[in-house]
Amino acid sequence: MEDSHGLIVENTNNVLGFVMGYFKQYDDIIGHTLDEIIIAYKCQDKRIGSMLLRELEQRVKVKGASCIELKAVNDDMHERYYGNAGHKNTKNFVLKVKWFV
């Protein structure tokens, strides 16, 4: 299995958006970490991001992933977008950070 995976949506002249991430082994499951999803500003609110996310989910599932994990800004916009796509806040993982002052 390749350890990274990405998709690009483009028209004849421009990249409209992309997703990228990587596979990660956890004890007895394989997860896919969605590292980045970028949609060109002029293409936002046209369902391109939702289409990319659905396609990514299908492809990584076929490759053996049991889940997709991601980090998102904790605001209403991201909660609505990812919530509508079926992503939920997790109870069994916690984000840890060490800030350098």
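Read along the sequence, the protein chain follows the pattern β-β-β-α-β-α, made up of 2 helices and 4 strands. Helices (H or I, at least four residues) and strands (E, at least two) are DSSP runs, numbered from the N terminus. The structure is a predicted model, in which local features need pLDDT of at least 70 and side-chain atom pairs count only at pLDDT 80 or more, whereas totals for chains, interfaces and linings use all residues. Residues are numbered from 1 along each chain as its sequence is written, and side-chain values use heavy atoms, with hydrogens and water left out.

The C-alpha atoms of the protein chain fill a box of roughly 45 × 35 × 30 Å, taken along the principal axes. Of the 101 residues of the protein chain, 27% count as buried; buried means under 20% relative accessible area, exposed means over 50%, and partly exposed lies in between (1.4 Å probe, protein chains only). Contact is defined as heavy atoms within 4.5 Å. Among contacts in the protein chain between residues at least 6 apart in sequence, 46% join residues at least 24 apart.

The strands form an open sheet of 4 strands in the order S1-S2-S3-S4, with mixed pairing. Two strands are taken to pair if DSSP finds at least two bridges between them. The edge strands are S1 and strand S4 (67–70), each of which pairs on one side only. Neighbouring strands of this sheet are turned by 25 degrees against each other on average, direction ignored. For such angles, axes are lines fitted to C-alpha atoms, for helices over the stretch in contact, and values run from 0 to 180 degrees between N-to-C directions. Strands of a sheet pair through backbone hydrogen bonds, either parallel or antiparallel.

Strands S2 and S3 run antiparallel and are joined by 10 bridges. Along this pair, Gly17 stands opposite Ile39 in S3, and Lys24 stands opposite Gly31 in S3. The hairpin of S2 and S3 has 2 residues between the strands. Asp27 is placed in this loop, between strand S2 (15–26) and strand S3 (29–39). Although Asp27 is not a glycine, it has a positive phi of about 35 degrees. Asp27 is also exposed, with a relative accessible area of 80%.

The loop between S3 and helix H1 (48–62) contains Arg47. This residue has a positive phi of about 70 degrees although it is not a glycine, and Arg47 is exposed, with a relative accessible area of 60%. Helix H1 itself lies across S1, S2, S3 and S4, running at about 145 degrees to S1.

The largest nonpolar core has 17 residues, of which Val19, Leu34, Ile48, Leu52, Leu56 and Val60 touch the most other members. The elements that give two or more residues to this core are strand S1 (4–10), S2, S3 and H1, and H1 gives the most, with 5 residues. A nonpolar core is a set of buried Ala, Val, Leu, Ile, Met, Phe, Trp, Tyr and Cys residues joined through side-chain atoms within 4.5 Å. Leu52 touches Leu7, Val9, Gly17, Phe18, Val19 and Ile39, not counting residues up to four places away in sequence.

Cys43 is buried, with a relative accessible area of 7%, whereas Cys67 is partly exposed, with a relative accessible area of 30%. A search of the whole structure finds 0 disulfides, a disulfide being a pair of cysteine sulfur atoms within 2.5 Å.

Helix H2 (residues 76–84) includes His78. His78 is partly exposed, with a relative accessible area of 22%. Leaving aside its neighbours within four places in sequence, His78 is in contact with Ala72, Val73 and Gly83. His78 and Thr33 are 45 residues apart in sequence and 17 Å apart in space, C-alpha to C-alpha.
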